[in-house]
Amino acid sequence: MRLDYLARRCGVFVLIVWIAATLNFFLPRLSGQDPVRTKLLQQAQLGGYVHAGIDAMVKDYDRRFGLDRPLWEQYLSYLRDAVRLDFNYSIANYPRKVNEMIAEAVPWTIGLLGSTTLLSFALGTFLGALLAWPGAPRWMRYLMPPLWALHAIPFFLLGLVLIYLLAFEIQLFPMFGGYSGGAFPGFTVTFVWDVIRHAILPAMSIVLVATGGWALAMRGMMVTTQGEDYVTFAEAKGLRSLTIFTRYCLRNAILPQTTALALALGNILSGAVLVEVIFGYPGIGTVLFHAIRENDHFLIQGIVFTVIVALGLATLILDAIYPLLDPRINYRRT
Amino acid sequence: MRDLTVHYDTPLGAVRAADRISFSLCAGERLGFAGESGSGKSTMALAILRMIQPPGRIDGGQVRLDGVDLLSLGDEEMRRVRLARIALIPQGSMNALNPVMRIRDQIMDGLTDHGVRMSRREGDERVRELLESVGLGRDVAERFPHELSGGMKQRACIAIAISLRPRVIIADEPTSALDVVVQKQVMETLARVQKELDASVILVGHDMGLMAQFVDRVGVMYAGKLVEVSPVREIFTRSLHPYTRMLIASLPSLEKKGTFSGIPGLIPLLRDLPPGCAFHPRCPEAVARCRTEEPALREVRPDGWGACHLV
Amino acid sequence: MAHAAWRYVRRNLSLVVGIVLLGLLALFVGIGHLVVDTNKSRPLSAPAIRPPSADHPFGTDRQGRDLLATMVAGTPLTLRIGFIAGFLGVGIGSILGFVSAYYRGAVDSIIRGIVDIGLTVPGLLVLIIIAVSLRKGLTVDQMALIVASLAWLNPARTVRAQVLSMRERGYVEVARLSGMSGPEIIVKELMPNLLPYLAATLVNAVSAAILASIGLEVLGLGPIDSPTLGMTLYWVNFNAALINGWWWWWTAPIAIILVVFLGLFFLTVGLDEIANPRLRRVI
């Protein structure tokens, strides 16, 4: 029974990946634009070349990029390459390969996104649970309105405000980038500290906004849970209020909260991309931004595909963990 | 219990969910409380355990257990009274058990939080004993609530309720949502454990047939007031209140065939009670006095209390 | 009458706050259109990079746009994208969600599958792919359609869940047993109960659509020549207005976006309270 559930989830994952790849392949081609030709034309205009011979150049590049073969052949080889995570060359930064550029940017994004998501989820859930507890100190009630207000705005908006206030006016933190201009990358203390300093503002933008959302959601779950019959019975059993709070309320409220996390991953990522752009943080978001600016189709596709797959994987992992939390899931399939 | 009153504050005004309820319960006795939904019987049961939540509040009266007024106790003291001296068997076994905890843990946490210290093995032993006494096998201990049937869940709740050998067991509609065969099993289990513990039982419900089979005395509630308390035989043969008579008359019988007789009219809104006797608009025997003067509950004959002017 | 109104305000403060915020915005745009010359929102209508002054109360940007005019002209455009995409999304989504829940079976499985998968994928990225592919100079309305292509997913899921739970509640069965026909049941029994949820879903969808469109615009994929809020932010980023200290350029759009989102959010909370009476007075 448990395997059935897992198998189903894996199947969905594979389906997602396949759909992502297919969409990625067909949508750009819908517009009938030839990315290589457009790029070359652009280059030509910038460099002031004469246009003679451009067709020959295009043909050559087409061959290089594999664009001269029939569509279905391109599709199959695209799928094959995608599975091997080979996304061809970057048009704008030729001869760099797409997966090289992505591999450089991914650690930054995972670092920022991973830590902020986990932090805001943990902090928010904890705060939310406390807010629902009658025994909580009174001043906590005053936390609610600011949390409420903050969570409604997009991450990058707060980012802009923070940059101005803390990086421009007060100059407490650096304004953008992942690390300072002339720094030497490496695992030295100075570099690590530099990276952290640069990451604080982007991280704050995400954490301050997201925490509010999780706190409010958790509080809502807790309130609902507190109204359940088993909590009434627990009280009638004369259990201590701490026991009721943790083992009866928290333990049950965390289930829908985890589901919410799995569903929210996509949105969090979208928000994080914009944050990276605003801060010039060297993660996937900035690379994507530049790729869009330069019309680098392969790079864009590569990034989108990678992100979709990564998210699908994260969702799959969360789905696999869920039955460990909720003993009811095992048996639902029968 | 003496003059217990419970108020609910609603946006439309204060509502008396229970109005000056008084009765006494002897050791080992089974007392049933019958009435329609909204008559105040569940409220009263919760009030005994001091589990009335805002916007409700207990507004006066006394609940004495072995000489101690429960309403005067502090919160922590009252917590210790629950389960150890007075235990609740909840209504609607569907949802009374924590879905993410095993049965064993749900029995143990009651014991632990009341200061019982045991080794792991002793605990397992105790759990097994309790489950056996309600007719459940030892394998139930490791199960989760959703793996049990309705009747099994209810019996597990009984096991939890008796785990600290309470003096009083309050059973709040323990068999609603169960089919008759399972009902019988559950009630038999309850009777058996009660006898073993020599505890008293307060059975709250609306099924007069169930009352007839199980309890010694019956208290009938209407619109938040206690209108009759009599031994169970006399409730059926010579009841002291028109409402009781009509309730019994509305029970389907295997002997009598014919149309059902219900009680005409609806229960009055608790915030909008009619003057005088609350039942008079629906009472076929009402006289002028019933419309103006509220009848008090008085001992009309030995151990027979009724709140009606005509008795 | 006034007493009852005041009491309702206290009970559902969110709804009132939301309406007030959005009302202020509407006033700003309405009065703005009367008072300000929206042509000044085009480039080269004013000297560049001027801080706020009597001539230009919101200052000007690098391309010579009067920012007050830009805000007045751009806000309704952004809102329009949100509304078109939101309405379309909720419209299509409700129909699909409804069909899925009402008729069950294979139709339900297919629709639910698409919705589940669609919601797992990060919407912004798919929108980026679409927008990049269609890069031929987008208009505001085209943006709206692009955003709408994904906006129907969430409403479909919500409506489906609602209709399913209403089915469980048995009054559909009762209605059918008492002889009502299919469409009659839909109109007389299900619709009235669905309306509060639809309203809340609609506000939600509009909010999400505005967010998505602003996201696309900040990335540079929006209608380049329009003075929408997102495009203004794009230019802010492009011209490194932050580093250069031209604070007036981004203060106005950010403030307006804040009001939009907060207003829509409070409206959602307020509508939720109406739709789900069990949530009332929890605070």
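Two strands pair if DSSP finds at least two bridges between them. Helices (H or I, at least four residues) and strands (E, at least two) are DSSP runs, numbered from the N terminus. The views below show a predicted model, in which local features need pLDDT of at least 70, side-chain atom pairs count only at pLDDT 80 or more, and totals for chains, interfaces and linings use all residues. Residues are numbered from 1 along each chain as its sequence is written, chains are lettered from A and ligands numbered from 1 in the order in which they are written, and side-chain values use heavy atoms, with hydrogens and water left out.

**View 1. Three strands of chain B form an open antiparallel sheet.**
The strand order is β2-β1-β4. At the edges stand β2 and β4 of chain B, each with a single partner strand, so one side of each has no neighbour in the sheet. The twist averages 15° from one strand to the next. Axes here are lines fitted to C-alpha atoms, for helices over the stretch in contact, and angles run from 0 to 180 degrees between N-to-C directions.

**View 2. β1(B) pairs with β2(B) and with β4(B) in this sheet.**
β1 (residues 4-10) and β2 (residues 13-21) of chain B are antiparallel, with 6 bridges. A hairpin of 2 residues joins β1(B) to β2(B). L4(B) lies opposite I21(B) in β2(B). V6(B) has A18(B) as its bridge partner in β2(B). β1(B) also pairs with β4 (residues 56-58) of chain B, antiparallel and over 3 bridges. There, H7(B) is bridged to R57(B) in β4(B).

**View 3. An open sheet of 8 strands in chain B has mixed pairing.**
The order runs β7-β8-β9-β3-β10-β11-β13-β12. β7 (86-89) and β12 (298-301) of chain B are the edge strands, each with a single partner, so one side of each is left without a neighbour in the sheet. Neighbouring strands are turned by 25° against each other on average, direction ignored. Within this sheet, β10 (residues 217-222) and β11 (residues 225-231) of chain B pair in the antiparallel sense over 6 bridges. V220(B) has E228(B) as its bridge partner in β11(B).

**View 4. Helices α1(B) and α5(B) pack against strands of chain B.**
Contact means heavy atoms within 4.5 Å. Helix α1 (residues 41-48) of chain B lies across β3 (30-34), β7, β8 (168-172), β9 (200-205) and β10 of chain B. Its direction is at about 145° to β9(B). Helix α5 (residues 150-162) of chain B touches β7 and β8 of chain B, at about 175° to the direction of β7(B). α1(B) also lies across β1, β2 and β4 of chain B, running at about 110° to β1(B).

**View 5. Chain A and chain C bury about 4,100 Å² between them.**
Buried area is the accessible area (1.4 Å probe) that two parts lose on being put together, summed over both. Of this area, 81% is on carbon and sulfur atoms. In contact are 47 residues of chain A and 40 residues of chain C. The interface has 0 salt bridges, a salt bridge being a side-chain nitrogen of Lys or Arg within 4 Å of a carboxyl oxygen of Asp or Glu. α12(A) gives the most, with 8 residues. By class, this side of chain A has 35 nonpolar, 10 polar and 2 charged residues. Ala, Val, Leu, Ile, Met, Phe, Trp, Tyr, Cys and Pro count as nonpolar, Asp, Glu, Lys and Arg as charged, and the others, Gly among them, as polar.

**View 6. Chain B and chain A bury about 2,200 Å² between them.**
Carbon and sulfur atoms carry 60% of that area. The contact takes 26 residues from chain B and 21 residues from chain A. There are 2 salt bridges between these chains. D113(B) and R240(A) meet through their side chains in a salt bridge (3.1 Å, N to O). α2 (75-84), α3 (103-113) and α5 of chain B give two or more residues to the side that touches chain A. The largest share, 5 residues, comes from α3(B).
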